[in-house]
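Subject: Model for your next pass

Hello,

The structure you asked for is below, followed by what was found in it. Please look it over when you have time.

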Amino acid sequence: MIDFLLARIGSAIVTIFGASVLAFAVLRAVPTNPARLIAGPFANDEVIAQVTANLGLDKSLPVQYLDYVTSFFIGDWGFSYSAGQPVLSQITERLPASAELALYAFLFAFFGAVLVTVLVSFLNSRWLDRFLRLLSFISVGVPPFWLALLFLMVFFERLGWFPGPVGRGPAPTGLYTGLFTIDYLLAGDFAGFGTALHHLALPSIALALGPFGYLVRLLRANLLDIINEPFVTVLHAKGVAPISTHFRHILPNAFLPTLTAGGLILAQLLGGSVLVERIFVWPGIGTLVIDGILRQDYAVVQAFIMLSAIIYIGVNLLVDILYGYVDPRVRRS
Amino acid sequence: MRRLIAQLAHDWELLLGVVLFGLIVLLAVFGGWLWREDPLRVDILNSLLPPDLAHPMGTDDVGRDVLARFIRGAQVSMGVAISVTIAGTLIGGTLGLLAGLIGGWFDVVVSRIMDAILAFPPLILAMAVAIGLGQGIVSAGIGVILAAIPWYFRLLRSEVLRLRTLMYVESAQALGASSFRLIRLHILPQTTSTIFIQASSVFGFSILTLAALGFVGLGIQPPTPEWGTMITEGLAYALTGQWWLGFFPGLGIFILAVSANLIADRLRDIYDPKSGARLSI
């Protein structure tokens, strides 16, 4: 087990190294000189040379890379000159909003997909199955930001059932976790909890639909594989109740890939729901990143890109380790 | 091919995919010829008109005809997505073939690079590249290609590794066939269906990702119509009742992506009932 752990952690470190080189290489290609952007259009060459030196852009590439990596890992993520704030504090400030949205989207996607798929496969109805397949195609193919827009047009503008693009709603008085729903619950304020949930509903469902469809397809395929295995026939022949066959024998055997995919989806969602956040004016990292792109304020974007890769690799590692823990065959290979 | 056409007759999902896909292709190819409105002509007096006979998809905030822009957007999106898919197939596929065939340090190095690429969520990676190379449709395209390469790489590498152990390939090798001959005659023909299936799901992925990049302002630059950018332009009017601005371009993306995924999935079932690797945003 120790060998397995070390091997996995080692390969995650190698991947983080590769990803940091890649991010550095890609972002160093930025054609506009950041120094010129910071110094402004009327700066003379002397000032620009000064700013270039301050940013360390006059050093050799390997040195610049080392600077880039060390400053990232000590938490010096640069300064966002359009917000007049260090990037690190900007991102930590907005992290809870994105995390809460991601969490709810994940809950909808994961539990929704598992519930519906298992139920449909248990009922064994051809029409329900076809409907589910079609639903999964539709949800994978629909652009999330367009769906978010449709949601707003229908459920806010036409029907008035849900709040419009106003972000998270009123903040709870005591902030413990930064997740509004949890903080309201901790304060015992159920009306506030309801309001927070009301604001979360549309964006998180819009965000959840893609992953939902993906998980449905995955779990459905795995369930079908297992259902056709000989041991299931034997169980049926021995007279084991269908419900027990389904939930105690088929589901556990078909579930691992869905669990893995679920982990990766959570990581992707945590890495920011750039597009949907923008539509709902959600005060999260995604909105921050888009503003950064539009204002050519790339310090935020650079930190975000590296951060999402690290979250992704970290969750991947965690899932791998869990997988090895659950399934001894993985550990040995 | 014949098998496919026969399949179409009694596979309604495949049929649906092909028909929807064909519809957009026809619109992109012949639309500009049938609908002779200029997608760039500004007409302030007729701005924000709801859909009617003169403007089946309405007009936008400066009075441009949305249908004409939709058609031009279809040409742009399809054109870029097709180039991206072909480039991704060629680069990723070749690397995968070589890695599987040569093995050794080449395989190790390229596999590590692919791992690094896969460490980024695809949309984020495409975004990074599009920023790094400067805003525009070419950098956006390169970003999507880079995100798609590892999937081809992994697929073809594992296919080659599998095929290499088969008896007939080993025999050919024992008879002295060169690597090039092995690939051309014995390995590549066995992988065409896999490549094609992967290509159709990459196509769906490119359509969605390119639109997403356009949506955040990293795709093609205005005034050239592109579906993602058109949705952004429609954003300001979505909640004041002018739904048609953002609705139709999104519908286009939706139809293309769903039909590409439907086709990919059906083909996978027909040719290769047991396989995994899919893309998702």
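Read along the sequence, chain B runs α-α-α-α-α-α-α-α-α-α. Its secondary structure amounts to 10 helices and 0 strands, where helices (H or I, at least four residues) and strands (E, at least two) are DSSP runs numbered from the N terminus. The C-alpha trace of chain B spans about 75 × 45 × 30 Å along its principal axes.

This is a predicted model, in which local features need pLDDT of at least 70, side-chain atom pairs count only at pLDDT 80 or more, and totals for chains, interfaces and linings use all residues. Residues are numbered from 1 along each chain as its sequence is written, while chains are lettered from A and ligands numbered from 1 in the order in which they are written.

Confidence: pLDDT is the predictor's confidence in each residue, from 0 to 100. For chain A the mean is 82, with 92% of the residues at 70 or more. Helix 2 (residues 34-39) of chain A has the lowest mean, 64, and helix 5 (residues 87-123) of chain A the highest, 89. Where pLDDT is low, predicted coordinates should not be read in detail.

Interface: 40 residues of chain A are in contact (C-beta atoms, placed from the backbone, within 7 Å) with 38 residues of chain B. Of the side of chain A that touches chain B, the largest share, 8 residues, comes from helix 1 of chain A. By class, that side has 31 nonpolar, 8 polar and 1 charged residues. Here Ala, Val, Leu, Ile, Met, Phe, Trp, Tyr, Cys and Pro count as nonpolar, Asp, Glu, Lys and Arg as charged, and the others, Gly among them, as polar.

A helix pair in chain B: helix 5 (residues 122-132) and helix 6 (residues 137-164) of chain B pack at an angle of about 140 degrees, with axes 8 Å apart. Axes are lines fitted to C-alpha atoms, for helices over the stretch in contact, and angles run from 0 to 180 degrees between N-to-C directions. Helix 5 and helix 6 of chain B are therefore oblique to each other (under 35 degrees is roughly parallel, over 145 roughly antiparallel, 65 to 115 roughly perpendicular, the rest oblique). The contact of helix 5 with helix 6 of chain B has 11 nonpolar, 2 polar and no charged residues.

Span: over residues 300-326 of chain A, the chain is 100% helix and 0% strand, with end C-alpha atoms 38 Å apart.

Regards

Key. Two residues are in contact if their C-beta atoms, placed from the backbone, lie within 7 Å.
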